[in-house]
Every structure is written in C-alpha cells, then in structure tokens.
Amino acid sequence: MDKCDLLDIPGPLLKDSGAFILEGSLRENSTEKLHYHACHQLLRIRTGITLFVDEERKQPLFSNMTALIPAGAAHRSLVMGDAVHYKSIYLKRSLLNVDGNRVIIFDMSDLGVALFDRLEERGFDEDLNHQCFHLLLKLLEGELSRPSTLTRIPLPRNPENRKIISYMEKNFASALRLSDFTGVLNYSERHISRIFKEDLGISLFEYLRLYRIFRASLMLCETEPYRSVTEIAYSCGYDSLSSFYKDFRDIFSLTPREFRLRKT
C-alpha cells in the first residue's frame, strides 16, 4: 500500500457503538490522492454528485447510492464543484462482515436512508440511537448483496491511455474525431483504438460518451450559473438534443430534468 496514505478517523461518536460520523463539504474533507482507513466506511453523497475512485474504476455517486469501503481499500472522491455534501459512518471491522477489500456501491433503501440520516442528530435518546444503528447494520446484510448497476468509468492502466484521457477531458466540449488523438501519441488511428479498447474494455468514443454525460450531470447540479438542459448538452459536445437525452437516460436511468429535480 505504498501509493496511498492511512487516514486516521477519531471516535467513536456513537457512544459504545464502535462507530464515528463525519459529514460536511466534500471539498473541505477530500484528499488529493488515494487513501485508506483501518475501519470500514459507509459513504453517501447528500447533495450533488461526485466521482468515486478506487483502484479499479471511477463511479458516479449520488442520491441513494452508497459506497461500502472496506478497511484497507484504497479510494478517494473527485470533487468537481462546491455543492457536494457528504456523510460517512466509520465502523469497527467487527461490526460488519465484509468479504475481502472490494468496494461495494449499492442503492440504499428508503428505510436505510432514514436510519442513516437519523444517526446524525445530536442529543436525542441514546437507546433510540442504538436501536437505529443496529437496525441499519442488520439491514445492510441484505442490501450489500444487491450492488448498483449504474455504468462505471474504467481507469486506464498504461500511461499512453492516461495521455489520451487527459486530452479528452480537456477537449470534451469539441467535436472530437479519432484523427485528433493521433497528435497526442503520434500513433495511427487503428493502433490508438486497439490499445485503448484492450486496456479499458470499452472504445475511446464510448469512454468519451460516459465522460460527457458525467460532466453534464455535474452542471445539472449547479445553481450558479443556472443553465438550461439544451445549453448543457451543447456545452458538453453534443450537437443533437435527442442523442443527449438518450445517452443520459442510458447511463442514469433518468432524464436530465428528472435528475435535476432529484439533485437540487
């Protein structure tokens, strides 16, 4: 684990429970590189959307989606905007039976969300607090077996594809063609397409589609400046509103307007 830091968590906040709660602005509590904890972490994004990163993928995280991050699992959250607020519950290893150190992202039920949110309140009945906490742990046993099916954004393993993705992320609003990438690596179009697909498992333009829709989702969360769905679509490189709606729904299972209503 020489590429990331151990981040100590104080606590516990929940008396005699072996759990500690942190919440606030993700920008104020994020790290620049991968880190890990000696305890398990349950992470939920309260407002906005973030890009959760572990050693295998990037994953949009929003709404009832929750990340269970086992002790020792390297991770971080990419902060893209000021409106992202989060809440985490850190758990002693003995409180939750976790198989291995693979991050699980799942859709928490409405009851789970209610219990999760209830635990942030200060000063209410301690017995009720403990009941909520242990009911949440019991609920998680079933919910962890149903991971989210939301599309993941794979991470490149080789430096050549990292250069391609860096170029893409700087120019995603433009009408990119495969020939635009030949100047990045000085390779043929065919060779670039092959090494990208072999490394990431999807084509270069499938990745570009994912990235554009994710950037659009961030813009939909912003209140300042407020932009129309049409303006956002064009600013993310789309020249067809119908294509934008189709891609957005394919990835988030919501229309852009439905997504905006859920996140603002």
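Here is a short tour, from the overall picture down to single residues.

This is a predicted model, in which local features need pLDDT of at least 70, side-chain atom pairs count only at pLDDT 80 or more, and totals for chains, interfaces and linings use all residues. Residues are numbered from 1 along each chain as its sequence is written, and side-chain values use heavy atoms, with hydrogens and water left out.

**Overall picture**

- The protein has 9 helices and 11 strands; these are DSSP runs numbered from the N terminus, with helices being H or I of at least four residues and strands E of at least two.
- Of its 264 residues, 48% count as buried, where buried means under 20% relative accessible area, exposed over 50%, and partly exposed in between (1.4 Å probe, protein chains only).
- If you take contacts (heavy atoms within 4.5 Å) between residues at least 6 apart in sequence, 75% of them join residues at least 24 apart.

- Mean pLDDT, the predictor's confidence in each residue from 0 to 100, is 85 for the protein, and 89% of residues reach 70 or more.
- Confidence is lowest in strand β1 (residues 5-6), with a mean of 60, and highest in α7, at 95.
- Where pLDDT is low, the predicted coordinates should not be read in detail.

**The nonpolar cores**

- A nonpolar core here is a set of buried Ala, Val, Leu, Ile, Met, Phe, Trp, Tyr and Cys residues joined through side-chain atoms within 4.5 Å.
- The largest one has 55 residues, and Tyr207, Phe244, Phe252 and Phe259 have the most contacts inside it.
- Elements that each give at least two residues to this core include β4 (40-47), α3 (159-171), α6 (204-221) and α8 (241-252).
- The largest share, 12 residues, comes from α6.
- Not counting residues up to four places away in sequence, Phe259 touches Ile49, Phe62, Ser217, Leu220, Cys221, Phe248, Phe252 and Leu254.
- Apart from this core lies another, of 20 residues, among them Leu68, Leu96, Val98 and Phe133.

- In α1 (residues 110-118), Gly112, Val113, Leu115 and Phe116 are buried.
- Seen down the axis of α1, those buried residues fall within an arc of 165 degrees, so they line one face of the helix; the arc is that of the directions from the helix axis to the C-beta atoms.
- The cover over them includes β4, β9 (85-91) and α2 (126-143).
- Leu140 sits in α2 and counts as buried, at 0% relative accessibility.
- Leaving aside neighbours within four places in sequence, Leu140 is in contact with Leu42, Leu96, Phe106 and Met108.
- Leu140 and Met108 are 32 residues apart in sequence, and their C-alpha atoms are 8.3 Å apart.

**Helix α8 and what follows it**

- The buried residues of α8 are Phe244, Asp247, Phe248, Ile251 and Phe252.
- Viewed down the axis of α8, they fall within an arc of 105 degrees, so they line one face of the helix.
- On the other side of α8, Ser242 and Lys246 are exposed.
- Ser253 lies in the loop between α8 and α9 (256-263) and has a positive phi of about 60 degrees, although it is not a glycine.
- Ser253 is exposed, with a relative accessible area of 56%.

**One more loop residue**

- Asn186, in the loop between α4 (182-185) and α5, also isn't a glycine but has a positive phi of about 60 degrees.
- Asn186 counts as exposed, at 70% relative accessibility.
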